[in-house]
Amino acid sequence: MANEWFETVAEAQRRAKAYLPKSVYGALIAGSEKGLSSADNLASFDQLGFAPHIAGLANTRTMNTSVMGQEISMPVLISPTGVQAVHPEGEVAIARAAQNRGIPMGLSSFASKSVEDVAAANDKTFFQMYWCGDKDTLVQRMERARAAGAKGLIVTLDWSFSNGRDWGSPWIPEKIDIKAMVKLAPEVIVKPSWLWTFAKTGRIPDLTAPNMQKPGEKAPTFFGAYYEWMQTPLPTWEDIAWLRQQWGGPFMVKGVSRVDDAKRVVDLGATALSVSNHGGNNLDGTPAPIRALPAVADAVGSQVEVLLDGGIRRGSDVVKALALGARAVMIGRAYLWGLAANGQAGVENVLDVLRGGIDSSLMGLGKASTSELTRDDVVAPEGFFKPLGTR
């Protein structure tokens, strides 16, 4: 049997590509339109370097911190991602992996597993919501998450409903029925391991969104929930302030790129914000979050916890983000590749790879803790940073 352990997230992605049907793998690939933003999310980290020390290095290093009132073992959070046909246990497997490694689980409204099941598997679950439906529906979803034990709320705003891709979008059925199975059969039959993983459970991939279920109704399909979201009038800043007030607990606004927007997030009383472009699935041409991060961090200071989401594939990427002003980072595709490669153990593998990379980067920089990182530790080319919304 081949070694199930992998040493990099890139290797996990290679295994995921070999394992998953073409449409499933294609649904996980980031990007919209030409893919400029998704490409920049990765390339931007490659352009940053380090200024290392060679002696007097710390023999032990720590990386624990806190985010939205939760003590965590390292500055990494699971970013919420939507319905998954990657593995039968889906978000529950991810939540268990995160729990075992002492980090929070971000759960999407569009997840394939319920907030009750996920919060039972991870006691640091943050529930993510979109502005979708009327206010009574939004309150019902929040209260359900609260009752399940969610410790914080994440409202995601960085989405522009752009769905065209120059390289082509995968075909995703509304539900898995006979017609869908016939159409998908040619690509599924050549991926017997993926098919067998589901067959052993006696279940087929579930494309419903149980967290979008209304009382007394069946859970909608992913596309049914997505259609409701698209038809909902876009929120105002007053709407987001209302949402924060209704929740009343730790509250994160995800999707900030601009300084002026970051200041509005502070004004509405949020606990945290995430500098993000939705993995490149937003307005294409939006700069990578790491380019916008320092200006946002400078503008809001200690008034709100600043996180970064987008392009993290290595522990050294985490360290670069922390040095440039982030309190922690959120990962998305990195753990999805791990889940596809080896289930819950694969997600734990990804988290261990990141922890090891953080530790080795701290050692090379002569830091005893992630809290000691400064911008002097990072080397950036001229013109790298993009301060948006400063005028």
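Trainee: Leaving aside neighbours within four places in sequence, what is Phe-251 in contact with?

Mentor: This is a predicted model. In it, Phe-251 is in contact with Met-68, Leu-153, Val-155, Ile-240, Leu-243, Arg-244, Leu-268, Ala-270, Thr-271 and Ala-272. Contact here takes heavy atoms within 4.5 Å. Phe-251 is also among the residues that touch the most other members of the largest nonpolar core, along with Leu-20, Val-76, Ile-290 and Ile-331. That core has 91 residues, and helix α14 (residues 333–365) gives the most to it, with 13 residues.

Trainee: And which core includes Met-252?

Mentor: A second, separate one of 11 residues, which also includes Leu-77, Phe-126 and Met-330.

Trainee: What makes strand β8 (residues 251–256) largely enclosed?

Mentor: Buried means under 20% relative accessible area. In β8, 5 of the 6 residues are buried, so the rest of the structure largely encloses the strand.

Trainee: How do you know which strands pair with β8?

Mentor: Pairing takes at least two bridges. Strand β7 (residues 152–156) has 4 bridges to β8, running parallel, and Leu-153 stands opposite Phe-251. Strand β9 (residues 272–276) is also joined to β8 by 4 bridges, again parallel, with Met-252 opposite Ala-272.

Terms used:
Residues numbered from 1 in each chain as written. Predicted model: local features only at pLDDT ≥ 70, side-chain atom pairs only at ≥ 80, totals over all residues. Heavy atoms only, no water. Buried < 20%, exposed > 50% of the residue type's maximum accessible area, 1.4 Å probe, protein only. Helix = DSSP H or I, 4+ residues; strand = E, 2+ residues; numbered from the N terminus. Core = buried A, V, L, I, M, F, W, Y, C linked by side-chain atoms within 4.5 Å.
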